[in-house]
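I opened this model to look for pockets and cavities, and then turned to a few strand pairings. Here are my notes, in the order I made them.

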Amino acid sequence: MVRLQSYVLGGWHEGAAPFRTLIDPSTEEVVAETSTAGIDFAAVLDHARTVGGPALRAMTFAERGALLKAMSKALFAERESLIEVAMTNGGNTRGDAKFDIDGATATLSYYAYLGKKLGDRRVLTDGESEALLPNNARFHGLHLKVPKRGAAIQINAFNFPAWGTFEKAAVSLLAGVPVVTKPATATAWLAYEMTRVLVDADILPAGTFQFIGGSPGDMLSHVQGQDVIAFTGSADTGAKIRGGAGHVAGSAAVNVEADSLNATVLGPDVGRGDDLWHWFVQGIRLEMTQKAGQKCTAVRRILVPAGLVEALVEDLSAELDRVVIGDPREEGVRMGPLSDMSQLRDYREGVAELSGEAVVVYGSPTEVDAKRRVEGKGAFASPVLLRCDDPHEANRVHSREVFGPVATVMAYDGTAGDAACLVARGGGSLVSSIATSDRGFLQELALEAAAWNGRLLLVDKKVHDQVTPHGMVLPSCQHGGPGRAGGGAELGGLRGLDLYLQRSALQGNSGLLKKLFSEA
Ligand code: NAP
């Protein structure tokens with residue numbers, strides 16, 4: 001069994017009892033343990049602020065980009081052993097593990113490229129300098145964006161220990177703000193191994209990247225006004241973190257990425273058997289079963305014109321029938337278990353809650369046929385498809401995120417207005433997708449749905465074979481959503497850096513502003 005450590009204050013820290021155990025969710029065998037007892041969290045944040053911050057700020061964007069590139073390369077070189085860890089502690093299939101780990105290295109690489117493009121500058125400007133008074137060409141204003149002087153405290157969910165850790169780290173390191181990162185404890189082993197790779201490769205300047213391998217202890221009570229908290233997880237924990245006394249008093253920036261009842265909508269022009277129909281059905285199967293449905297961006301609500309519900313249930317059921325469930329080390333398995341036994345309980349409770357408003361039309365929350373299963377053990381779950389016959393009256397199908405291979409199909413009346421109304425019932429989502437070649441419908445629905453979604457995937461018959469899947473997050477596009485989804489925004493190319501930068505309006509001599517700051 002592995003004992004995880006934390007990487008803090010320039011060295012490895014092994015916690016003390018009591019230890020929390022991490023399991024292999026295919027077998028329930030304990031595979032690792034961890035504790036953060038004894039860590040001085042106030043000192044950890046101070047180390048980031050006083051050692052890591054100055055080191056990063058002394059580097060140009062190109063140098064920070066080179067650091068990210070080196071991180072990406074070092075992690076990629078250990079890809080195979082990292083995949084093993086993700087399969088063991090995360091229950092990931094090989095494909096799921098690659099999705100997470102390659103997502104991490106690709107995002108680092110993308111931000112490395114942006115750093116290289118920015119070159120020898122150390123700070124950014126927001127727009128050009130502009131005259132502030134009429135008939136006066138000398139007195140100008142220029143908005144400058146400089147790195148905050150605090151620590152970037154990054155707290156992640158259990159489902160993407162690799163991608164979650166490094167998509168956040170890439171952005172703040174490029175911005176010039178040092179990282180204190182904390183994965184969810186249940187699946188922390190992968191993020192721990194990745195940190196070990198980086199420390200062993202001696203890539204990280206002192207204080208720029210610290211890793212907390214478990215409980216955050218009293219860390220959040222030491223937050224100060226120049227720190228930034230970037231949180232991903234459930235809406236409940238997000239609300240607690242946002243309301244924490246230390247950062248409210250100091251007005252520290254808090255970004256929350258939370259639950260989301262993402263929708264996918266089939267346009268009224270699409271018939272059963274069309275290319276877009278196949279894209280729609282196969283895409284939903286992928287969203288329900290990739291990472292066993294434990295993706296914040298997965299499709300949870302399926303909206304189809306009335307009259308096509310039965311056909312959709314039939315064709316999607318046939319697709320789901322082909323998904324082989326089991327221990328991801330077994331040949332041919334396409335969907336592994338949920339990440340631990342508490343997630344299995346939550347999935348069962350969630351399906352029971354949805355069943356008050358919808359009927360299960362595929363699968364069962366209590367029965368699953370899993371390959372290479374040992375004596376009924378493991379957090380295996382069947383895909384479950386529900387049908388809700390009165391989605392305007394229903395509430396739970398729009399508000400209860402069952403974090404597993406679960407989605408609900410519902411009918412709308414074929415108009416963009418009705419579809420938009422149901423999409424909005426999610427209360428704010430990370431992403432919705434629309435499959436249609438009807439331009440009027442697409443425009444009306446997208447303009448309305450954009451207010452309720454951080455991202456929209458618009459798929460017509462000309463592009464359906466070229467798009468990335470509904471749930472795939474790309475570093476160049478914003479990730480995050482309004483309302484229930486947390487109100488946060490990450491990634492989006494250079495937009496993502498704004499969380500870690502302070503904007504300051506400089507007012508003064510136009511010549512000096514240009515000379516001293518425009519290219520600083
Ligand atoms: P969670 O229980 O809310 O935990 C998330 C993180 O918060 C974990 O690292 C957890 O640490 C930590 N945490 C819990 N209580 C804390 C506290 N009082 N102070 C500081 N940290 C605390 O969520 P989860 O079960 O890991 O993740 C599943 C949820 O995340 C789903 O609802 C999913 O939709 C959401 N999610 C959202 C996104 C997105 O980008 N919007 C992405 C992925 C997942 P411990 O594990 O040590 O308790």
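**Pockets, cavities and a hairpin**

I began with the second largest pocket, whose lining takes at least three residues from each of domain 1 (40–258 + 488–517) and domain 2 (263–481). I note here that the model is predicted.

I then asked which residues lie nearest the centre of the second largest pocket. They are Thr93, Gly95, Gly332, Val333 and Arg334, out of a lining of 18 residues. The elements that give two or more residues to this lining are helix H4 (94–118) and helix H9 (275–289). I read off a volume of about 330 Å³ for the second largest pocket. Sorted by class, its lining holds 9 charged, 5 polar and 4 nonpolar residues.

Next came the largest pocket, with a volume of about 980 Å³. I found 37 residues in its lining, and nearest its centre lie Phe158, Gly233, Ser234, Thr237 and Gln343. Four elements came up as giving two or more residues to this lining: strand S11 (228–232), helix H7 (235–242), helix H11 (341–354) and helix H12 (396–399). H7 has the largest share, 4 residues. For the largest pocket I noted 14 nonpolar, 12 polar and 11 charged lining residues. Here too I checked the domains: domain 1 (40–258 + 488–517) and domain 2 (263–481) each supply at least three residues to the lining of the largest pocket.

On to the cavities. How many of 30 Å³ or more does a search of the whole structure find? I got 4.

The largest cavity holds about 140 Å³ of space. Its lining has 19 residues, and Gly90, Asn92, Phe158, Asn159 and Lys291 lie nearest its centre. I was pleased to meet Phe158 again, as it is also one of the residues nearest the centre of the largest pocket. Helix H3 (79–90) and H4 each give at least two residues to the lining of the largest cavity, and H3 gives the most, with 4 residues. By class I wrote down 7 nonpolar, 9 polar and 3 charged residues for this lining.

Among the residues that line it I listed Asn156, Ala157, Phe160, Thr232, Cys296 and His479. Asn159 lines it as well, and Asn159 is one of the residues nearest the centre of the largest cavity. Helix H5 (residues 163–175) gives the most to the lining of the second largest cavity, with 4 residues. That lining divides into 4 nonpolar, 5 polar and 2 charged residues.

Last, I looked at strand S5 (residues 29–34) and its partners. S5 pairs in the parallel sense with strand S1 (residues 2–3) over 2 bridges, and valine 2 stands opposite alanine 32 in S5. Strand S4 (residues 20–24) runs antiparallel to S5, with 5 bridges joining the two. Aspartate 24 has glutamate 29 in S5 as its bridge partner. S4 and S5 form a hairpin with 4 residues between them. In the turn of that hairpin I noted glutamate 28, with a positive phi of about 70°.

Conventions. Residues numbered from 1 in each chain as written. Predicted model: local features only at pLDDT ≥ 70, side-chain atom pairs only at ≥ 80, totals over all residues. Heavy atoms only, no water. 1 Å grid on protein atoms, 1.4 Å probe; cavity = no way out; pocket = protein on both sides within 12 Å on 5 of 7 lines; lining within 4 Å. Points joined across faces, edges and corners; volume = space filled by probe spheres on them. Nonpolar A, V, L, I, M, F, W, Y, C, P; charged D, E, K, R; others polar. Domains from an automatic or database assignment. Pairing = 2+ DSSP bridges.
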